[in-house]
Amino acid sequence: MIILLTGSTGFVGGAVAADLATRGLLGATLFLVRAADATLAWQRVHDNLLRFGVPAALAAAVTPAQIICGDMTAVDKFAQDERLATITHVIHCAALATFSTNPKIWANNVDGTVALAQAVHTKAKLQRWLQVGTAMCCGPGMTSPVNESWESGLSDESHLVPYTQSKLAVEHALKAIPGFPLVVARASIVVGHSTLGCAPSPSIFWVFRMAFALERFTCAPDECIDIIPADWCASAMVSLALKPSLAHDLYHVSAGQSSSNRFDAIDIAYAKAGGTEPIAPRYQQVAVDDLRSLVPLFQERLGRVNRLLILRALMLYGAFAELNYVFDNDRLLGEGIAPSPPLADYLAECVRTSEGIPMTEQMAHDFK
Ligand SMILES: NC(=O)c1ccc[n+]([C@@H]2O[C@H](COP(=O)([O-])OP(=O)(O)OC[C@H]3O[C@@H](n4cnc5c(N)ncnc54)[C@H](OP(=O)(O)O)[C@@H]3O)[C@@H](O)[C@H]2O)c1
């Protein structure tokens, strides 16, 4: 078995690499990485493994010889690499994962992914391509809990951001490749790590920090939020990639009904972690369009910030929170994968590892 892992320098892909390390599979893995050369690329993979708590001795199992140095928007530059023919499994995490309107989103997430898939598919005896997707690719207007289904998704312009639309489009483009062994794993919102908190990545945690500091956001206290930690997400992804047979070709890797916390439960856990009182008595739910009324509070509650930038960020993430989606994960649990730990169970570590780090610095991670 030879695995190709893409996106290993990022958040989800880094967690997948760390999971492969714990399974003793790093030596059987090739890594597609962007860098000037294989040594620099190897250094990036190695550093990220350490960030995810992989012991140096285990991380040393990766050598520069396992690096395919390349960019998926320029697949022709490495399409002749003989190692492509050895690949049996692909875990494709690489993507431009941003809610901003980056003009390169389609070239990366759709065209680049399809080009990579075709290059590997024509050369290798591929047994499985695990396409790491986002559960939010269903777009707005779905009924919660959202089904694990090819039908859960609007391909039109109603998406809140181009990113989710691109992630849905690529799934259908891959499905159309004849004989392609596709399995789609749509991840829910990934926040922190169940034991390392926000140390590997602060992605999205700043939204909670801002909501609690402002004592206002778009969630109702009794609404459930579907959130998973990166390490559990990675473990589920690797299991789906390697399990010899699967009952379905599309899954939600999500907290689902059993592991999603209500917003008020997250409030209690957050307060306990910070040694403060829950904001519940003062909390006000605010519609996305009314978030601008919070601007006068920004300086007092968030410090010196770029108010327009913060407002834009809160409106984007607030619009997703307002969808109030829980992603059904019956199929995933049916494969024997244990449920995710709820956010409230590991939130204290996220709070601890965010101490002293400005919210805006954490936020920058999500706006590429
Ligand atoms: N984070 C979440 O909450 C979440 C939720 C649902 C689904 N997902 C999915 O998980 C996957 C990873 O997301 P993430 O949050 O881990 O993002 P991330 O931290 O930004 O990582 C993205 C990874 O993709 C690589 N990449 C991007 N464009 C590339 C290209 N043209 N060629 C080669 N590599 C490229 C990046 O490489 P560089 O280091 O060189 O930039 C990086 O390793 C995505 O498919 C995303 O849709 C994430």
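Predicted model: local features only at pLDDT ≥ 70, side-chain atom pairs only at ≥ 80, totals over all residues.
Residues are numbered from 1 along each chain as its sequence is written, and side-chain values use heavy atoms, with hydrogens and water left out.

Okay, strand 5. Gln-131 in this strand is the bridge partner of His-92. Strand 4, residues 89-92, runs parallel to strand 5 over four bridges. To get from strand 4 to strand 5, the chain goes through helix 4, residues 105-123, in a right-handed β-α-β crossover; that's clockwise from first strand over helix to second, with the strands pointing away from you.

Gln-131 also has a bridge partner in strand 6, Val-184. And is strand 5 buried or exposed? Seven of its seven residues, 128-134, are buried, so the rest of the structure largely encloses it. Buried is under 20% relative accessible area, exposed over 50%, partly exposed in between, using a 1.4 Å probe and protein chains only.

Last thing, salt bridges: a Lys or Arg side-chain nitrogen within 4 Å of an Asp or Glu carboxyl oxygen. There are ten. One of them joins Lys-243 and Glu-335, closest N and O atoms 2.5 Å apart. Those two sit in separate loops, so the pair ties together parts 92 residues apart in sequence. Glu-335 is buried at 10%, and Lys-243 is partly exposed at 30%.

Key. Pairing = 2+ DSSP bridges.
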